[in-house]
Amino acid sequence: MPDLAVIVLAAGQGTRMKSATPKVLHRLGGLPLLHHVLDAATALDPAHLLVVVRHERALVGESALEAAPHAVLVDQDDQPGTGRAVEQAVEALPSDFVGDVVVVSADVPFVDRATLEGLLAQHRAASAQVTLLSAILDDPSGYGRVIRKPDQSVARIVEQKDASADELLVSEINSGTYAFTVAALRSHLPAVSSANAQNEKYLTDVVGLVEASGGLVAATPIAEAWRLEGINDRAQLAAAARRLNDRIVRHWQLEGVTILDPATTWIDRDVSLAADVEILPGTQLKGATSVETGAVIGPDTTLVDTEVGEGAVVKRTDATLAVIGARASVGPFAYLRPGTMLGADGKIGTYVETKNATIGEGSKVPHLSYVGDTEVGVGANIGAGTITANYDGVNKHRTVVGSHVRTGSHNVFVAPVRIGDGAYTGAGTVVRKDVPAGSLAINVAPQRNLDGWVETNREGTAAAKAAGAAQAAQAAEASAASTAEGGADAAPAGDS
Ligand code: UD1
Ligand code: CA
């Protein structure tokens with residue numbers, strides 16, 4: 001078996017994306033386009049994996065090495081074109097390399113391992129100098145067209161912008177995915193010029209040069225044409241995202257996951273789901289999110305890099321880098337920020353925001369609260385409307401709540417503060433000092449009622465009138481009661 005090199009083309013700007021982000025870093029299924037292609041390239045286990053970079057070199061290079069740490073980055077110079085990119089990559093190969101070179105574009109994300117293995121097998125079986133993957137498309141616009149001779153052998157490829165009216169009618173497109181012998185690249189690339197509509201050195205011209213010199217060019221359209229779709233603009237990106245998502249949803253359905261509404265359910269490529277998970281409409285599962293069996297997610301829920309335990313229920317929730325324990329309940333309308341760890345059987349309820357908070361087994365934060373930089377023991381209940389005041393304007397501080405604590409409604413925990421095991425706090429308490437285990441903390445001032453204050457100070461207002469009416473009604477009720485007790489002639493109440 002000859003040696004193998006794979007060249008991934010990622011130096012272009014991707015002008016048609018109209019984006020500050022390089023095209024190959026736009027995401028599909030949660031991963032940059034580049035990573036999809038690198039995964040397929042790496043699966044071939046080539047002796048040399050080269051990634052050609054130029055536009056936003058640092059960003060693209062860093063991302064490439066994340067997905068393929070052993071890849072070699074090749075810098076393309078100012079001369080534009082896929083031909084120049086491959087020429088420089090070939091120069092970076094050891095001079096004694098004599099094997100095959102597979103070239104893939106970082107903007108053709110559905111090319112997978114099997115597709116590349118098939119390409120290489122065909123190339124080697126035919127002893128071709130170049131084998132290209134083509135496809136027949138209903139709408140070939142934008143692609144290079146495969147021009148065949150009357151005997152159906154491949155003559156050359158013509159780019160859309162250089163094609164004649166007749167050539168534009170050809171529906172067989174070049175996918176930009178090829179196998180070459182390194183010898184064919186070494187002998188023909190130097191001869192490729194930039195005399196074309198885009199003033200670029202086209203890799204595709206090598207095909208015509210190989211043919212003209214009597215070499216063998218092989219091309220067979222592949223059945224799964226969609227695998228060869230290139231992404232050049234945002235409409236194509238959205239269409240590809242939809243296609244990938246449909247495939248991912250179907251995969252999980254066949255693995256035993258109930259997904260009621262595939263159209264509004266978005267699942268990233270690296271998400272993992274157990275059998276008998278149920279996903280309700282409007283749910284997005286992103287990054288490395290995982291969900292254990294029996295859990296119900298949604299509706300209208302977004303989980304990013306979040307772990308959900310067995311049988312948990314997560315409703316109308318937004319969570320990032322959170323861990324939700326088995327049988328726990330979250331939402332509706334909960335916001336779990338990074339570092340939230342909810343124990344088994346715990347609850348983060350309605351209109352609750354958490355961050356950097358460990359909430360122990362069976363502990364509950366049921367209503368209207370902010371809990372940040374906090375540790376809560378097991379079996380505790382945090383009263384409705386509780387705020388951890390974790391930020392002093394300069395630094396963040398921690399709140400520690402013990403096990404089986406019961407805090408009253410509308411508390412403020414002014415951190416740093418500790419509430420001991422089994423302690424209680426009264427409603428409306430502003431906890432500024434530690435509360436010892438088993439104590440009741442209260443610090444609200446005794447209530448004073450200033451009788452008649454509204455009628456005196458807000459005379460004529462609706463409130464004053466309502467107060468007056470209530471007092472009159474009270475007086476009438478009192479006199480009726482005394483009449484009933486003692487009859488019409490009875491002495492005033494209290495005298496008898
Ligand atoms: C290319 C092919 C076209 C094919 C299509 C398939 C050429 C001349 N044309 O056209 O026949 O139908 O792909 O999708 O090859 N790149 C570099 N350096 C450069 C220019 C581009 O590395 O100087 C990279 C890009 O980052 C991209 C890939 O090469 O990943 C393809 O470039 P792009 O400009 O998208 O080529 P197309 O016009 O789509
Ligand atoms: Ca392209």
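Visitor: Why is His410 called exposed?
Guide: His410 has a relative accessible area of 58%. Exposed means over 50%, buried under 20% and partly exposed in between, with a 1.4 Å probe and protein chains only. His410 is therefore exposed.

Visitor: What kind of model is this, and how is it numbered?
Guide: It is a predicted model, in which local features need pLDDT of at least 70, side-chain atom pairs count only at pLDDT 80 or more, and totals for chains, interfaces and linings use all residues, while side-chain values use heavy atoms, without hydrogens and water. Residues are numbered from 1 along each chain as its sequence is written, with chains lettered from A and ligands numbered from 1 in the order in which they are written.

Visitor: Where does His410 lie, and what is its phi?
Guide: His410 is in the loop between β30 (399-401) and β31; strands (E, at least two residues) and helices (H or I, at least four) are DSSP runs numbered from the N terminus. Its phi is positive, about 55°, although His410 is not a glycine. Ser127, also not a glycine, has a positive phi of about 50° and lies in the loop between α4 and β7 (130-136). With a relative accessible area of 55%, Ser127 is exposed.

Visitor: Why are helices α1 and α2 called oblique to each other?
Guide: They pack at an angle of about 40°. Angles under 35 degrees count as roughly parallel, over 145 as roughly antiparallel, 65 to 115 as roughly perpendicular and the rest as oblique. The two helices are therefore oblique.

Visitor: Which residues of α1 and α2 meet?
Guide: Leu34, His35 and Leu38 of α1 meet Val60, Ser63, Ala64, Glu66 and Ala67 of α2, contact being heavy atoms within 4.5 Å.

Visitor: Which peptide bond involving Pro332 is cis?
Guide: The bond joining Gly331 and Pro332 is cis, with omega about -5°. Pro332 lies in the loop between β24 (329-330) and β25 (334-336).

How values were computed: Axes fitted to C-alpha atoms, helices over the stretch in contact; angles between N-to-C directions.
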